[in-house]
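Subject: Structure handover

Hello,

Here is the structure for you to open alongside this note. My findings follow below it.

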Amino acid sequence: MTCVPGIPWAALALGVALVEFLRGGDTELAARDVRYGVLLTGGSLLAGVLMGLVLAGGLALASRVVTRPWAITLTGALLGALVFPVEVLVVAIGTDGAVAQLGTTFLAWPFMAVVAAAHSTDIVGRTRRRTWLWASAPAPGERPSPVADSA
């Protein structure tokens with residue numbers, strides 16, 4: 001969730017730094033853009049780890065109390081909405097408060113809450129609609145499928 005708004009700005013900053021360096025322009029400006037790119041990349045990844053821990057931990061605790069899938073989905077949306085401002089802060093620091101980058105990141109906030117909500121029941125193990133989240137083992141309570149001999 002966090003790298004979606006932050007990494008494109010980091011790629012743009014690194015691309016601008018490369019152009020500034022190759023055209024023989026201001027190396028101080030190129031160094032600043034590299035610093036912004038690294039700050040945005042590292043900050044987005046760190047924010048992603050923090051958001052993942054908060055989402056997974058909050059959903060794990062909520063799944064002990066809440067039994068309905070819609071309630072888990074609502075909890076995931078609320079947790080996603082509460083932790084996404086960390087990425088807005090990273091973009092604000094990494095772009096010196098640039099209005100376009102902050103505005104775009106701010107507009108991504110509700111979409112990221114919807115993404116967290118959509119995947120929350122899979123994260124806590126209530127459903128298995130998104131197979132990429134799960135190993136090939138059967139769900140709890142399911143019987144393993146018979147395996148044919150290949151010999």
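One definition before the details: buried means under 20% relative accessible area, exposed means over 50%, and partly exposed lies in between, with a 1.4 Å probe and protein chains only. This is a predicted model, in which local features need pLDDT of at least 70 and side-chain atom pairs count only at pLDDT 80 or more, while totals for chains, interfaces and linings use all residues. Residues are numbered from 1 along each chain as its sequence is written, and side-chain values use heavy atoms, with hydrogens and water left out.

Overall picture

The protein has five helices and zero strands. Along the sequence the pattern reads α-α-α-α-α. Helices (H or I, at least four residues) and strands (E, at least two) are DSSP runs, numbered from the N terminus. Of the 151 residues, 30% are buried. The accessible surface is about 9,400 Å², and carbon and sulfur atoms hold 71% of that. These areas come from the Shrake-Rupley method with a 1.4 Å probe; for residues, only the protein chains shown count as cover. Take the contacts (heavy atoms within 4.5 Å). Among those with a separation of 6 or more, 61% join residues 24 or more positions apart.

The core

Which residues make up the largest nonpolar core? There are six: Met 51, Val 83, Phe 84, Val 88, Ala 108 and Met 112. A nonpolar core is a set of buried Ala, Val, Leu, Ile, Met, Phe, Trp, Tyr and Cys residues joined through side-chain atoms within 4.5 Å. In soluble globular proteins, nonpolar side chains tend to be buried together. Leaving out neighbours within four places in sequence, Val 83 contacts Met 51 and Val 54.

Asp 96 sits in the loop between helix H4 (85-94) and H5. Its phi is near 60°, a positive value in a residue other than glycine. Asp 96 is exposed, because its relative accessible area is 53%.

Gln 101 lies in helix H5. Gln 101 counts as buried because its relative accessible area is 17%. Setting aside residues up to four places away in sequence, Gln 101 touches Trp 9, Val 91 and Thr 95.

There is one aromatic pair. The rule: rings of Phe, Tyr and Trp (its six-membered ring) pair if their centres lie within 6.5 Å; planes under 30 degrees apart are stacked, over 60 edge-to-face, and the rest tilted. Phe 106 and Trp 109 are three residues apart in helix H5 (residues 99-123), so about one helical turn separates them. Phe 106 is partly exposed at 49%. Trp 109 is partly exposed too, at 24%.

Charge and surface

How many salt bridges does the structure hold? One. Asp 33 pairs with Arg 32, their closest N and O atoms 3.8 Å apart. The cut-off is a side-chain nitrogen of Lys or Arg within 4 Å of a carboxyl oxygen of Asp or Glu. Asp 33 is buried at 7% relative accessibility, whereas Arg 32 is partly exposed at 33%.

Val 38 is in helix H2 (residues 27-65). Val 38 is exposed, at 55% relative accessibility. Leu 14, Val 34 and Val 38 form a nonpolar surface patch, with about 230 Å² of accessible area together. Patches are made of residues with over 30% relative accessible area and no salt bridge; like charges are joined within 9 Å, and nonpolar side chains (Val, Leu, Ile, Met, Phe, Trp, Tyr) within 5 Å.

Best wishes
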